[in-house]
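This report goes through the strands, the helices and the ligand surroundings of one model. Please keep the sequence and the 3D view at hand while reading.

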Amino acid sequence: MTDVLLKISGINKRFGGLHALSDVGLTIKQGEIYGLIGPNGAGKTTLFNVLTGLYQPDEGEFTFNGKDLFRKKPNVVVEAGIARTFQNIRLFANMSALENVMVGQHVRSVTGVFGAILRTPKARAEEAAITAKAEALLAYVGIADRAQELARNLSYGDQRRLEIARALATNPTLLALDEPAAGMNPKETDDLKKLMEKIRADGVTILLIEHDVKLMMGLCDRIAVLDYGKKIAEGVPEEVKSNPRVIEAYLGVAPE
Ligand SMILES: Nc1ncnc2c1ncn2[C@@H]1O[C@H](COP(=O)(O)OP(=O)(O)OP(=O)(O)O)[C@@H](O)[C@H]1O
Ligand SMILES: [Mg+2]
């Protein structure tokens, strides 16, 4: 049996009178690419925000890799091994691509602020290692040649890749991607699919939100469907795309 990596149950999140997540439960197994789909406003990003400690859920249970992460802060979540990207790209626009990835690693650096300021030998060695790792991550996501470019000058597709590199810099066990293909052309989307497959092959479990149904059906091992904050279906792509409730709420007609 495959190991369960992430398990949530009975998750509720309300914003005033709006019930954004209603009794949501799901399990993600080690090594899966697990998809999350649903109409605009269904609660997908809200669920990511709950899973990464940005939002405090009202009720529920949340365990990850054997740890209790219910209502834990973002830094605790990152340390536990969950990293994410954002639907609206959040890069340091006026820092280079390389620096953006270096910042991602600093959450785990050991010498800390004083070591960095005093430039102790240990801090210098760590800085060199951080630079080398950031360069390797840029190469891994396919933008090594953009290392010195300011983030804001990168193409949209490259900014998405840079966000993935920065997330990977925290050495995650689970990588959560919120609409990484949004705004990409078909070639960029296909390259992104290959990158996600490579990341998974290298041992990182992936949780993915995307509206590109064809991409999701071809990539995900299992998919959950949210609608008005409720999970209305879950299963392998074949099951999900033929589910009448999913067709009614989201797909319209069954995709090929
Ligand atoms: N901080 C907040 N305060 C108030 N309402 C919020 C907040 N965050 C999200 N919501 C509401 O929760 C609902 C779910 O939003 P969410 O962003 O999770 O949807 P989504 O499934 O990611 O949609 P999309 O596909 O458009 O990205 C929406 O009605 C949204 O307006
Ligand atoms: Mg969203």
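Asp 227 has Lys 230 of strand E10 as its bridge partner. The structure is a predicted model, in which local features need pLDDT of at least 70 and side-chain atom pairs count only at pLDDT 80 or more, while totals for chains, interfaces and linings use all residues. Residues are numbered from 1 along each chain as its sequence is written, chains are lettered from A and ligands numbered from 1 in the order in which they are written, and side-chain values use heavy atoms, with hydrogens and water left out.

Strands are DSSP runs (E, at least two residues), as helices are (H or I, at least four), and both are numbered from the N terminus. Two strands count as paired if DSSP finds at least two bridges between them. E9 and E10 form a hairpin with 2 residues between them, and Tyr 228 in the turn has a positive phi of about 50°.

Both strands belong to an open sheet of 6 strands, whose order is E6-E7-E8-E3-E9-E10 and whose pairing is mixed. Strand E6 (82–84) and strand E10 (230–235) each have a single partner strand, so one side of each is left without a neighbour in the sheet. From one strand to the next the twist averages 20°.

Within this sheet, strand E7 (residues 174–178) pairs with strand E8 (residues 205–209) in the parallel sense, over 5 bridges. Ala 176 stands opposite Leu 207 in E8.

**Helices on the sheet and against each other**

H6 packs on the sheet and touches E6 and E7, and its direction makes about 155° with that of E7. Contact here means heavy atoms within 4.5 Å. Angles run from 0 to 180 degrees between N-to-C directions, and axes are lines fitted to C-alpha atoms, for helices over the stretch in contact. Helix H1 (residues 44–51) lies across strand E3 (33–37), E6, E7, E8 and strand E9 (222–227), and runs at about 145° to E8.

How do helices H6 and H7 pack? Helix H6 (residues 156–168) and helix H7 (residues 186–201) have their axes 11 Å apart, at an angle of about 10°. H6 and H7 are therefore roughly parallel to each other, a term for angles under 35 degrees. On the side of H6 the contact is made by Gly 157, Arg 161, Ile 164 and Leu 168, and on the side of H7 by Glu 188, Asp 191, Leu 192, Leu 195 and Ile 199. By class, this contact has 5 nonpolar, 1 polar and 3 charged residues. In that count Ala, Val, Leu, Ile, Met, Phe, Trp, Tyr, Cys and Pro are nonpolar, Asp, Glu, Lys and Arg are charged, and the others, Gly among them, are polar.

**The sheet of 4 strands**

A further open sheet has 4 strands in the order E2-E1-E4-E5, with antiparallel pairing. Its edge strands are strand E2 (18–29) and strand E5 (67–68), each pairing on one side only.

E1 and E2 pair over 8 bridges in the antiparallel sense, and Lys 13 stands opposite Leu 21 in E2. These two strands form a hairpin with 2 residues between them, where Gly 16 in the turn has a positive phi of about 55°.

Strand E1 (residues 4–15) is also joined to strand E4 (residues 59–64) by 5 bridges, and the two run antiparallel. Facing residues include Asn 12, opposite Glu 59 in E4, and Lys 7, opposite Thr 63 in E4.

Thr 63 also has a bridge partner in E5, namely Asp 68. E4 and E5 run antiparallel, joined by 2 bridges. Their hairpin has 2 residues between the strands, and Asn 65 takes a positive phi near 55°.

**Around ligand 1**

Which residues come nearest to ligand 1? Of the 15 residues around the ligand (a heavy atom within 4 Å), Gly 41, Lys 44, Thr 45, Thr 46 and Gln 87 come nearest. The table lists polar contacts, pairs of N or O atoms within 3.5 Å.

| Backbone N or O atom of | Distance to an oxygen atom of ligand 1 |
|---|---|
| Gly 41 | 2.8 Å |
| Ala 42 | 3.1 Å |
| Gly 43 | 3.0 Å |

Conventions. Parallel < 35°, antiparallel > 145°, perpendicular 65-115°, else oblique. Polar contact = N/O pair within 3.5 Å; in protein donor to acceptor, adjacent residues only side chain to side chain.
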